[in-house]
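Subject: Structure for your review

Dear colleague,

Please find below the structure that I am handing over to you.

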Amino acid sequence: MFVKKSSDAVRQDGGEALSYRRPMSVSAMRRYGTGALCFPVCPRCGCAMEREYQAYCDRCGQCLSWKGPRTVEERG
């Protein structure tokens, strides 16, 4: 009996499944309140991440690139 591995499905599917492996640049930071705390924002899901320079978003799994400038968005 032939059982297809999940990795085979990813290779055949391509598109959306593999797009998470291509690094997206983190270009935004989010500041909350009047403090100096700024958090990087995932370019795919838009969630603030707790740590800078992590390789992947801990919520959606997007591969991250930390090259390039970032803008700061104010949140109350």
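Accessible areas here come from the Shrake-Rupley method with a 1.4 Å probe. On that basis the protein chain exposes about 5500 Å², of which carbon and sulfur atoms supply 54%. Please bear in mind that this is a predicted model.

Overall organisation

The secondary structure of the protein chain amounts to two helices and five strands, and the order from the N terminus is α-α-β-β-β-β-β. The chain has 76 residues, of which 22% count as buried. When contacts between residues at least 6 apart in sequence are considered, 41% of them join residues at least 24 apart.

Nonpolar core

In soluble globular proteins, nonpolar side chains tend to be buried together. In this model, the largest nonpolar core comprises six residues, namely Val26, Cys42, Met49, Cys57, Leu64 and Trp66. With neighbours within four places in sequence set aside, methionine 49 is in contact with Val26, Cys42, Cys57, Leu64 and Trp66, among others. The contacts of methionine 49 also include Phe39, Pro40, Val41, Gln54, Asp58 and Arg59.

Aromatic rings

The whole structure was searched for aromatic pairs, and two were found. In one of them, tyrosine 53 and tryptophan 66 have ring centres 5.1 Å apart and planes at 50 degrees, so this pair is tilted. The two residues are 13 apart and belong to distant parts of the chain: tyrosine 53 is in the loop between β3 (38-40) and β4 (64-65), and tryptophan 66 is in the loop between β4 and β5 (71-75). Tyrosine 53 counts as exposed because its relative accessibility is 57%, the cut-off being over 50%. Tryptophan 66, by contrast, has a relative accessible area of 16% and is therefore buried.

A charged group also lies over a ring: arginine 44 is placed over the face of tyrosine 20, at 4.1 Å from the ring centre.

A buried arginine

Arginine 30 belongs to strand β2 (residues 28-32). Its relative accessibility is 9%, so arginine 30 counts as buried. The side chain of arginine 30 makes a polar contact with the side chain of glutamate 73, at 3.4 Å. Apart from neighbours within four places in sequence, the residues in contact with arginine 30 are Leu37, Cys38, Phe39, Val41, Gly46, Ala48, Glu73 and Arg75.

With kind regards

Methods:
Residues numbered from 1 in each chain as written. Predicted model: local features only at pLDDT ≥ 70, side-chain atom pairs only at ≥ 80, totals over all residues. Heavy atoms only, no water. Core = buried A, V, L, I, M, F, W, Y, C linked by side-chain atoms within 4.5 Å. Buried < 20%, exposed > 50% of the residue type's maximum accessible area, 1.4 Å probe, protein only. Contact = heavy atoms within 4.5 Å. Phe/Tyr/Trp six-rings, centres within 6.5 Å; stacked < 30°, edge-to-face > 60°. Helix = DSSP H or I, 4+ residues; strand = E, 2+ residues; numbered from the N terminus. Lys NZ or Arg CZ within 6 Å of the ring centre and 35° of its normal. Polar contact = N/O pair within 3.5 Å; in protein donor to acceptor, adjacent residues only side chain to side chain.
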